[in-house]
Amino acid sequence: MTTTLKPLASYGPRQFGDRIGFSEWQFERALRLDLIPPADQGGRWSAAAFNEVGSRLDAVCAAVGTIPDLGAARAEAHLAERFDITVNPGTAAELSRRGHLPARGDYKGHTLYCGLTLENFTDRRKVERASRAGHLHTRDEAARILRLRAADFDHLLRAGLLTHSETTVSSWHKHTVVRLYRQADLDRVLRSPRIDFEAVRATPKGRPSLLAALPTRTG
């Protein structure tokens, strides 16, 4: 490591990161991965600890990676570009749900996903499966996929046979919360032996839904 800066007797986290050329996220990841040892002088690092990290800085940089932890949209955009495939909204959450993409905290209430895992992700098939299963739909879209009337769909919700997996904010009305439904949950409902979907779909417009007989979920 070469530097023109005067060596210090000890280094705080910002000084340490700046001196080795790390951004805040790189420094925090290096700490989390034990690539940088815990502070050894009351919340600061001794010159000896700093110099030891400097002696293996190339290896530390390689292990830290180049992609910070990302929100869902950016994580999905990265995967789409990496594998040159369509990656649907909800894919990052689905990969995390399946244990393939760890969550790393959040930013303003939005989950961040491990950038190091994204950088090293090589399994295209896992992404494709998660993209289909995790694909998110609005209420109207979900009803169309199930080929149900809005009233039929509402009875599924009332009975607890289907529930939303995520929420977002309307692009038209910023204070309106939009519930989103996962494709895998729609597929599960379609397999339910409790419902004759062909009969439900055959109910003439204006007639009560056959799903009205479903008991209301409580608790």
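A polar contact is a pair of N or O atoms within 3.5 Å, where one must be able to donate a hydrogen and the other to accept it. I note that the model I examined is predicted.

**Entry 1: His137**

With that definition in hand, I looked up His137. I found a polar contact of 2.8 Å between the side chains of His137 and Gln183. His137 lies in strand β6, which spans residues 136-137. Is His137 buried or exposed? Buried means under 20% relative accessible area; His137 has 6% relative accessibility, so I recorded this residue as buried. I then listed its contacts, leaving aside neighbours within four places in sequence: Ala142, Ile145, Arg179, Leu180, Tyr181, Gln183 and Leu186.

**Entry 2: the strands**

I next asked which strand β6 is joined to. The partner is β8 (residues 177-182); the two strands run antiparallel and are joined by two bridges. Within this pairing, I saw that Leu136 stands opposite Arg182 of β8. Strand β8 also pairs with β7 (residues 166-169), in the antiparallel sense and over four bridges. There I found Glu166 opposite Leu180 of β8.

**Entry 3: helix α2**

I turned to helix α2, residues 24-32, and noted its buried residues: Gln26, Phe27, Arg29 and Ala30. Why do they lie on the same side of α2? They cover an arc of only 165 degrees around the axis, and therefore share one side of the helix. I also looked up what covers these buried residues, and the elements include α1 (13-20), β2 (45-46), α4 (57-64) and α7 (115-120). After α2 comes Asp34, for which I recorded a positive phi, near 60 degrees.

Definitions and conventions:
Residues numbered from 1 in each chain as written. Predicted model: local features only at pLDDT ≥ 70, side-chain atom pairs only at ≥ 80, totals over all residues. Heavy atoms only, no water. Buried < 20%, exposed > 50% of the residue type's maximum accessible area, 1.4 Å probe, protein only. Arc of directions from axis to C-beta. Contact = heavy atoms within 4.5 Å. Pairing = 2+ DSSP bridges.
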